[in-house]
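Here is a friendly tour of one model, with a look at its charged pairs and one of its sheets. Have the viewer open as you read.

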Amino acid sequence: MKRSQEARAAVQTYLRRFGTRRTIGSDVKAGVVLGVESVPDGLAAGVLAGVNPLLGLNAYLVGTVTGALTTGSVFMTVQATGAMSVIISDVPAAQGPNAASVIATLTVLAGLIMLGLGVAGLGSLVRFIPSAVLYGFVNGVAINIILGQLANFTGFAGTGENRVSRAVDTAAHIGHFSWPTVAVGASTIALIFALEALGVGPLGMVVAVVVGSGLAFIFPQDAVVTLGDSVDIGRSLPSFVAPSLSETPALLVPALSLALVGLVQGAAVSGSTPNPDGHYPNASADFRGQGLANIASGVLQGMPVGGSMSATSLARSAGARSAFASMVAGLVMVATILVCGPLIENVAMPALAGLLILVGVRTLKPHQFRMIWQAGRVQVAVFSVTLALTMTIPLQYAVLSGVGLAVILHVVQQSNRVRVVQWTFDTPDSRPRETTPPSALEPGDVVVLSPYGTLFFASAQAFRSQLPTPVADARGAVAIIRLRGTDELGVTFLTMLGEYAIELHRAHATLMLSGVGGGLDDQLTATGVREQIGDNNVFLSRSRLGDSVFDALGRARERRQEG
C-alpha cells in the first residue's frame, strides 16, 4: 500500500512538470516562439558542424522533446549547441562518406557517457573544470564560429591547416569573393539588428533569414548557394539509423569531449534556472536526461545535443512556465517540416552564415578576458593556452588539453603554497604564537610545527625543506608535527615522514605526530610508518583543540626528565 502511494505521488510530481490549465496558454505561446526560431537555428547548427543541415534540425526536434521528458530541470531546453557543433566539424570521419553512421555513433556514445555519469551520481563533476579553461574554450569557440563561416559568407573557401590560417588566406583573396553572396549575408545581419531595434525580438532572426534568402532571387541563378544545392529536405521526419560498432574506438575521444562540453553547458542552465517550486534541479538527473536525449537523437538522424542556455532563456522570456513549452516547440517543428519542407531548401547559405557570425560575435565575453587578466599568472596561462589550442587544433583535443593543463598548474601551485610555522608558548597554558621554524634542531630543542596548505605527493618536498634538520648529535630534541584536519596522506608524503623520523633517530632526536585522525592513523599503521615513528610518539586528535599537542609536549618533557 505504501509503495503504491509513493508511486502515485511520484507520477503526480512528474506530471506537474508539464504545468496546469492555468499555465497552458503561456506555454503554448512560448513553445510556438521556440519552435519557429529553432528551425533556422537547427539548420544553422548542421551547417556549423559541416554536416547535412537536416541532422541539426533533427537534433533540435528530438533533443527538445526528449529533454523535456527526461531531465531534472523543468525549463532546460536540450538542443545542439555552437560549441558541440564546432567539435563535430573537427572530426574528419563526420565529413566522410559514412557521415550518417559516424554521427549516429558519435551522438550515442556521448549520450552513454552522459547517462553513465548521471546514473553514478556524478553531477558535481563539472566543478572540477576550472573557469579559466571554460572561458578560454567558450571564447575560442566563438571565434571559431565566426572564422568557420567565412567561406559561406564570402563564397570563397580559403586553404590552411586550421580556421585561423584559412581565414588569413580568405582575407588575402578578397578579389575572389562572390559579392552576391556577401550581399545576402550582410543584409541578413543588418536585418537582424533592424528588427531587434523595432522590438520584434528573437523571431527577428527567423524573419531576417527568410528575407535574406529571398534577396538571393534577385541575383542570377546559382549566384548564391542555398540548402537545396546540397541536401533534399522534403517533408520527411527523422527515421531510425543504427550506430556502427566498428567506428566506436576512433570516436571515443571526441565523444568524451562532446559529453564534457554538453554537461558543462547543461550545468550552467541548471545552476541559473530554478524549477517552478523554487528549487534548483539535480545535476545528476540533468546528466541522465541529456544522455537519453543524445541516444534518441543519435538513432533518429540527429547530432549531439546538450542543455542550451540561449534556447532556455528564449523559452523563459517568451513565457514558458513548464516543460510543456518544449513539447509544443517540438510539435511546431514537426508542423514546419511537414508544411514547409520543400521551401526550406531555398534558405540561402550566406543568410545562415550571417546568423552564425552574429551568434559568434555575441558569444564573445570581453569581461571574461578582463577577469582572467586580473586573476594572476596561472589563470592567464590556462586561459591563453586553452584559447590558442581551441583555435589551432581539433576542438575535442583542445578542451581535454586545457583541463589537463589546469590540473598540472594547480598541482604545481598548491605544492608551492605549503607553509610550515612554529608554535611557541609563553607559558605552558597560553595560546600559541606563530613564528618561523628554526633551520636546525639542536640538542634539547622541543619544536611544535604546524603546516598550512594541502599535504599531498607534490608538496612533500616543499614541506620537508621547511622542517628543521637535526645536527649530528641532537640528543633529547623533539620535533612535533601537528596534523589535525589531515584525513589521509599519499605514499610519497608518508615515506617522507618515515625517512624524517629515521633521520631524527640517528641524531638521537624524536619525531612526534599530534592531532592524528582515525583514517590517517590507519594509513600510518598499514604502511609501517607508525612503527618507524614509534607507537608512543603518535597522538590521536581530541575534541578540544590543542589537547593532543599538549599531550605530545608532556611526553617530551617526561623524556627530558628521564634523560
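## Salt bridges in the model

A salt bridge here is a side-chain nitrogen of Lys or Arg within 4 Å of a carboxyl oxygen of Asp or Glu. Please keep in mind that this is a predicted model. By that criterion, the structure holds 11 salt bridges.

## A buried pair

Let us begin with Asp90 and Arg163, whose side chains meet in a salt bridge at 3.1 Å, N to O. Asp90 sits in the loop between helix H4 (82-89) and helix H5 (99-119), while Arg163 belongs to helix H8 (residues 163-171), so the pair ties together parts that are 73 residues apart in sequence. Are these two residues buried or exposed? Both Asp90 and Arg163 are buried.

Arg362 and Glu196 form another salt bridge, with their closest N and O atoms 2.7 Å apart. This pair links distant parts of the chain: Arg362 lies in helix H15 (residues 349-363) and Glu196 in helix H9 (residues 179-197), 166 residues apart. Arg362 has a relative accessible area of 35%, so it counts as partly exposed. Glu196, at 31% relative accessibility, is partly exposed.

Next come Arg475 and Asp473, whose side chains meet at 3.6 Å, N to O, in a salt bridge. Arg475 has a relative accessible area of 51% and is exposed; the cut-off for that class is over 50%. Asp473 is partly exposed, with a value of 36%.

## A salt-bridge network

Which residues are linked in a network of salt bridges? They are Arg542, Arg544, Asp547 and Asp551.

## The six-stranded sheet

Now for the sheet: six strands form an open sheet in the order S4-S3-S6-S8-S9-S10, and the pairing is mixed. Its edge strands are S4 (433-435) and S10 (538-540), each of which pairs on one side only. On average, neighbouring strands of this sheet are turned by 30° against each other, direction ignored.

Strand S9 (residues 510-516) and S10 run parallel and are joined by three bridges. Across this pairing, Ser514 stands opposite Phe539 in S10. Helix H20 (residues 491-506) packs on the sheet, touching strand S8 (478-482) and S9, and its direction makes about 140° with that of S9. Helix H21 (residues 518-527) also packs on the sheet, where it touches S9 and S10; the direction of H21 makes about 145° with that of S9.

Methods:
Residues are numbered from 1 along each chain as its sequence is written. This is a predicted model: local features need pLDDT of at least 70, side-chain atom pairs count only at pLDDT 80 or more; totals for chains, interfaces and linings use all residues. Side-chain values use heavy atoms; hydrogens and water are left out. Two strands pair if DSSP finds at least two bridges between them. Helices (H or I, at least four residues) and strands (E, at least two) are DSSP runs, numbered from the N terminus. Axes are lines fitted to C-alpha atoms, for helices over the stretch in contact, and angles run from 0 to 180 degrees between N-to-C directions. Contact means heavy atoms within 4.5 Å. Buried means under 20% relative accessible area, exposed over 50%, partly exposed in between (1.4 Å probe, protein chains only).
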